[in-house]
Amino acid sequence: MKKHTTVLAVLTLIGVTSCEESTFLRFDHYDGPVTEEQYWNINTAARGQLNRGYTFLQEGYNRYDGAMLAAGCDEAVNSNLNSEINIVNKGTWSSLRTIDGNYELNYNGIRQVNVFLANADRANITPATDIPRLKGEAFFLRGYFHFELLKRYGGVIIADRVFTFSENLDLPRSTFKETVDQILRDCDSAAIRLPLSPSQYGAGDRGRATKAAALALKSRTLLYAASPLNNPDNDPELWQKAADAAKELIDTGAHSLLASYSNIFNFSTAAYNTEVIFATAASARNDIEVNNAPISYNGALGRTNPTQELVDAYEMKNGLPIGDASSGYNPEDPYRDRDPRLSWSVFFNGSVFKNDTVQTFTSGKDGVGQTINATKTGYYMKKFLSESSTWNQVSNATVRRPWVIFRYAEILLNYSEAQNEVSGPDASVYEAINRVRRRAGMPELPAGLSKDQIRERIRNERRVELAFEEHRFFDIRRWKIGEETLGKPVSGLRIVRNATGYRYEPFEVENRIFNERMYLYPIPQSEINNTTNLRQNPGY
Amino acid sequence: MKLYYNCLILTVLLFLMHFNVPAQSFEGSLVSGMVTDATDAPVPGVRVDVQEKDDYTFTDETGRFSLRASQGDVLVFTKKEILTSFYDVLRHDQNIRIVVRASIAEGGEEDDVFIPFDTRKRRAVNSSIAALKGSDLPQIPSSSLTNLLSGRLPGLNVWQTGSAPGRDETTIVIRNRASFAGSNVPLFLVDGVARDFSDMDVNEIEAITVLKDAASLAWYGNRAANGVLLITTKRGSAEQTRFTYDAQIGSQIPTALAKPLNSYAFATLYNQALQNDGFEPLYTSEALNAYRTNSDPYGYPDNNFVESFIKNNALVQRHVLTASGGSKAIRYFTSLSYFDQNGLYKNAYTPLFNTNIGYQRFNLRTNLDVQVTPQLSVQLDMGGRVEDRREPGSTNNSFLGTVFGLPPNAFPMLNKDGSYGGSNLFRDNPLAQLKSQGYISDVTRVLLGTVNATHKLDFLTKGLSANLFYTFDINGRYTSGRSQTYEVYEQGLDGELFRYGNQTPLGYRTSAFSSPTRINELWTGIDYDRIVKGHHFRGTLRYQQATSFDPVRLADKRQGFSGRMSYSFIDRYYVDLVTSYTGVDNYMPGKQFGFFPAVAVGWVVSDEKSLRNAGFLNYLKISGSYGKSGNNSTGEAGKFAYAHLYNVTNGSYPFGTSFGAQQGASERALPNPDLTWEKAYKTDVGLDAKLFGNALQLSANYFNERRNDILTNPIYPSIIGLASYRVNDGETRLRGFEGFVNLTHAFGEVVLSLGGNYTYAKSKIIRINESSGLAPYQLQKGHNIAGVTGMGKLMLQSDGIFQSQAEIDNSPVQRFAGKVQPGDIRYLDNNDDGVIDNYDRVMTDYNDTPTTYYGFNLSGQYRAFDFSLLMQGVSGRTIQIRTLVFAGSNNTGYINQFSPEAWSTDNPDGVYPRLGISDRANNTADSDFWLRSGNYLRLKSVELGYTLPHQLTDKINSRGLRVYINGFNLLNFNKTGIDIDPEMPFAGYNSYPYVKTITAGINLRF
């Protein structure tokens, strides 16, 4: 019996006295990742932290399964009738049915740059003289990400430091003004540290933030802050600041309009042309064509279909709106003698692409109803599409294209709009908008327009010049004209071929719903549920 | 509940103790006879008992026996692996002939049960262990062994999740899910180490043991809380040399298969869908007419792709040769098997190769036992297999997606000129996918090696021995094949041809080796086994370490000690203590090891003097166990989730005019330094009994598991800007009941055996991190784990279909689609706010993991004929059919074979909501409208066999020849009301069909 007890005791003893710190289970390295100390000691890692911040810049080519934001406002209809973008068109938008993950995405981007800013001064970046510039880029990105939140949600929680779990993260939202002020501070911090324009970077670093980009962000932020949605009392001081900010950028002379409108987005040969102030990286792609080219082009999906309302916004070549009795507009030949930007931005019946004619008449190969993907309006989007890209082949040709975030034409229009509100249509207001028109091959605006008249012309100019560039969706909101633009049906044009030519029949494509609350995005319900101090936007 | 069972057991005991039958004095005359099997071959070693008396004997080599018994006595014939038989003694019985047959399912209390690194007689097992002998599994050619286990053991829930050749995967859950963090997959061990077993051949297997309670799982420490399936392979016997040959050949037949619409029906319904949404119809009346009359098969094609490409049967065959035998010094078992499963695709032959999906497998195993010295014995085991899977070059999923997804009028399969048909919308041509896209070959090679040496250490102390166990497993996969692309042509309106895709010549697919893993596992330690005056001491202590190497990652390592002490007194009272102290590498150093103790006790009540002669009660044991086990396979990515680390490369960004990507770098997810394993505390109370002269065998077990430290998402606002690892903050409970009953009786020459097993197990979430802002009716807490696949468990409650606009106007506003129309699903306003939105979704208990599952078998034998069938069923299970009813895409308008039953003004009794092409979110929302009962009862297997008379087989020196036919998955009973198999509701509709197998086979023994 004694023996048994001994054996049992030995078993128990070995079982209990064991390897609390086993060398067998220990690894002498981390299989790739490094510790914080090592990380900031590596030049490429420290720089990489900032570089990664850029990857959170979003493109608008393919927001939701081929849909662009243009299809969420009166610019276009998405040919996929079940697209997520319809959540905003059908009025079913809510905190539980959001259309994008921007709330989380932008805070993710902000953390990247905040981590860089918190450690840049101790990082082993060589040469150390790059550090101020890199911090300038980080300030710009932080401001930009906050602006992306601001334009969607209004005032948000300001993330001006690296948040940790140990602190109270149940923070209330800052006001709209506080958020604007934070963005402006970041713009100023960026502007003093950054080179003026892309050309001052080496060829390998073009595409990084510049002082001009910081000024452009400032211009756009202030324009939004001065606009009716956010400036209900129409405080002229705010318009003045917006005009000044645009003018500051114009006066640097760092950028100019590119002679050819159609070449602005053709990046395969001329990356970062003089008009582009800031854009995302140019990735080699053909999905823009796959999603948007007319359906007869090797099975393209024909997604973004410009509305008749957008097409009608393009003036005649003589500078008169088509509604003007003396414009010479002929509804039986609607595309003749129009603003040249129409044919650069929209495929209509008879447009030529890849040496082939686009047929949007009803029995044509791209016509309404031809397949489920066929245009719903009678039009396809042409802007951004490249002739050199190929798809659905064994090997496809892709074309490098960025998503242009700021370009000079916008700044001119920003100035024109803000200055008109400050001073009425003075010469500088005319000059700014006319520069944009002249470049497009359009006559100048007639002299003697009233402040209200020229406001309407500026708004139309923005709509036409910046079509599909994610401006209209937000411009409508800041102008507070949602009810009259988004709360009504959009239409298309049915073209019937007959013996003598074509017959044109406008038709209603679909009804659209707009509510007061839709001026702002809903904050995702999961965020509200996780906190107690975060307030939802009104109406959601 | 626990208390209830305890009381029940106690009551039964007290009741039984009243039957104190006094021992009788023994007299009687000599009774003799012979025991044979159904083929008249003698059966040696059968224990013959005189019931209720103490006398017994064994049959000799010629199957003969003799003992004293009186008229009216009952003789009981028992032996491992045979069914217990009975004989009523008449006066002066001489030359009784007893025919016995092999037993099924759970064995007798003298059977060996395999436990980790040891065996026990069943009566010595105090924990909840279910065991099945390999020989009890049907000889059915199935590429996955796990499929055969379905319905056979209590507490083992097996359901099929795939059916394609070589991919008929199953999911196995022991009892039920107890963790919401991971997959709840049990640990599969073959001969003691973690190895995949579903690709083994059934003839390699001696026994399958399912370890369910803490006392059996504590041995494996932090990786066994989900239970263990312990597979033991066959070994040779020194008695005699034996050869067997098994062959089966059969046919696999789809059970449920889509019946696509014809083009006319499709086009009509497509127009209806368009019109419902206010669009113009796409198909003109001329087109509809052309579809109806099939006047222009090229311009207006009408295909049935399912019929054109899915055969109604496919060949399957299996051949196995085994040899076993040896001498006292060396024993061997060796097996070689070949398995071949053909796919169901038609038109898959090209002049150079076959692109039909298919599977071939070779299994080889040799298990050697060498007695090196009287003290040292060594086992050398080698198992290997080669698996060759083939599929179409387009991939199997893509091909089936085309076959099931194309509308009938998509295109003519071949154009007039013989080119492949295609269209702007549909460019995948299934014929071209089989004929002109090459094939993929995927070869897996596995070699499993084990050395197991035991040396007696009696010179130190009697009963002591040392053991060394080491495995060397390697695994590799090689993918190759041929590849090609094709072009399709569409005839335009004015006759011109549009081409889509580019044809390329046939080439070789890029071939690649992958997952070349090597796994080494070491167990070493000492064993002690000694009986002193009725006191039986047994102890086992093992040190273990295991490493899994793969060149593309850090090695996975674990380490620890496991120990077990068993004590029993006069084979009546049992106590086991099992503990382990195990560690694994993916936790923070210092937090890697855990202690997992468990205790089990057992009492053979029927051996107590007062019960020894208690009439109908032959055997009764009660047992219980309690202890702790862990689960570390909870799916947290990477080894270093406990450390705040940075990736020096993560994403890059192409700056500059030359687009040279510049490196990105970033923080990794926020760490959880306290990361640890799940802890399961399991209580089991069980009862095993044999009644009425062993004719009735039953076992019942109650279990209650509490599991905590389950990983759950931390709740934090997104402003932190970074994902975080999960935290160990969840808790669940799982409790239920399992048991089985076997009843055997002989009616003259007919022996019938009826058995059944039953398991009820229900999980409940006690704690899980959820947002504070959620409404109480949307919380998961208090509900069960997981939900319905493709639907979850948070859903709207439907209230029929809107019949009129007036109904819509009088109902709360439904905010899922811009416009609600008659024919749309009506939902309940659960929060009474007059608006129906996602706030009206409620958390439910619907689940496609059943709470109850059961099986029952019936087998019989009459002379040389034998018969068996197994029924298997589940209940408490729910599936969704939304995936079926809305199958399709924008391109097909979601029109499919279920569309004719949709609501329309002409069909107001339609069971499904109206057809529609845009703004469909109202009807596609998660709701109970789409739920159907997932319960089913299945005729899992049925077999009829005939053993040839041994006078015949003796002539060819055979020890036996049996021929049989069997069927697998022949019938299914369910309440879905549609032609599907609820076990895999979408099989045959968007994936490979569920199949039944009909086989003929022979078993030849020498």
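What follows is a chat about a predicted model with chains A and B.

Colleague: Before we start, what are the ground rules for this model?
Modeller: It's predicted, so local features need pLDDT of at least 70 and side-chain atom pairs count only at pLDDT 80 or more, while totals for chains, interfaces and linings use all residues. Residues are numbered from 1 along each chain as its sequence is written, chains are lettered from A and ligands numbered from 1 in the order in which they are written, and side-chain values use heavy atoms, with hydrogens and water left out.

Colleague: OK, the largest nonpolar core: which residues touch the most other members?
Modeller: A:Phe140 and A:Phe468, out of 160 residues. A core here is a set of buried Ala, Val, Leu, Ile, Met, Phe, Trp, Tyr and Cys residues joined through side-chain atoms within 4.5 Å. Buried means under 20% relative accessible area, exposed over 50%, partly exposed in between (1.4 Å probe, protein chains only).

Colleague: And which helix gives the most to this core?
Modeller: Helix α6 of chain A, residues 131-153, with twelve residues. Helices (H or I, at least four residues) and strands (E, at least two) are DSSP runs, numbered from the N terminus.

Colleague: What is A:Phe140 in contact with, leaving aside neighbours within four places in sequence?
Modeller: Among them are A:Asp186, A:Leu194, A:Phe278 and A:Phe406. Contact means heavy atoms within 4.5 Å.

Colleague: Switching to the interface, how many residues does each chain put into the contact?
Modeller: Chain B brings 92 residues and chain A 94. The side of chain B divides into 45 nonpolar, 34 polar and 13 charged; Ala, Val, Leu, Ile, Met, Phe, Trp, Tyr, Cys and Pro count as nonpolar, Asp, Glu, Lys and Arg as charged, and the others, Gly among them, as polar.

Colleague: How many salt bridges across it?
Modeller: The rule finds one (a side-chain nitrogen of Lys or Arg within 4 Å of a carboxyl oxygen of Asp or Glu). A:Arg111 and B:Glu667 meet in a salt bridge at 2.8 Å, N to O.

Colleague: What about phi of B:Ile570?
Modeller: Near 40 degrees, a positive value in a residue other than glycine. B:Ile570 lies in the loop between β29 (556-569) and β30 (573-584) of chain B.

Colleague: Why does B:Ile570 count as partly exposed?
Modeller: Because its relative accessibility is 38%.
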